[in-house]
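Work through the exercises below with the sequence and the 3D structure at hand. Try each task before reading its solution.

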Amino acid sequence: MAKPKQERAIKTRETLINAAAAVFEEHGFTTASINDILARAGVTRGALYFHFPSKEELAQGVMSAQGDSLELPQGEPGLQTLIDTTLYLARELQTNVLLRAGVRLSIEQSSFGVQDTTPYELWVKAFREQLDAAKVRGELLPHADPGELSELLVAAYSGVQLFSQLFTNRADLPQRIAVLWRALLPGIAVPGVLPHLRAEGSAVD
């Protein structure tokens, strides 16, 4: 009997996360309504507060889950796979409501009394793994430090996606990320590798 209850609880939590993501993504934390989230989720207030005792904790749940539906590129670790990953994320930010909501809440989190760097740290770690591999493969210039570059890339990416959101609702985000890479690559990649790297992504013909 316990297993079906546990499965229902997991499903209810996922339903709440997805409903909250849609409302937070559309309205932001401050103006998002618990009633709107409940209506979208189709659950009771008691069920909501069983999983998330407050609106703030629900927002943190969305932030934590922002990458759950992503399937990152699985190419050979290194610079091109890192480029492809950032472009994949750019496309997902155009349509993936959970990711969009998580990013928005990560930016707005001070408005609900939170200072959680975890989402940024996770992307720093993911980018660092690709840059470490690039270093081992001899793709990076001697001065290019994977730790410094991973933090710089996350910071730059955050700024570019926010700029794109303000101007085009991220319609041009993949193009802007390609521009970012064309500016960065000559300063970090060895000359012999540069001609083989595609700032627009390896899937582009």
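**Exercise 1.** Is E139 buried or exposed?

Solution. This is a predicted model, in which local features need pLDDT of at least 70, side-chain atom pairs count only at pLDDT 80 or more, and totals for chains, interfaces and linings use all residues. Residues are numbered from 1 along each chain as its sequence is written, and side-chain values use heavy atoms, with hydrogens and water left out. Buried means under 20% relative accessible area, exposed over 50%, and partly exposed in between (1.4 Å probe, protein chains only). E139 has a relative accessible area of 9%, so E139 is buried.

**Exercise 2.** Which residue does E139 meet in a salt bridge?

Solution. A salt bridge needs a side-chain nitrogen of Lys or Arg within 4 Å of a carboxyl oxygen of Asp or Glu. The side chain of E139 meets that of R137, at 3.8 Å from N to O. R137 has a relative accessible area of 45% and is therefore partly exposed.

**Exercise 3.** Classify the two partners of the salt bridge between R176 and D172.

Solution. Their N to O distance is 2.6 Å. With 27% relative accessible area, R176 is partly exposed. D172, at 17%, counts as buried.
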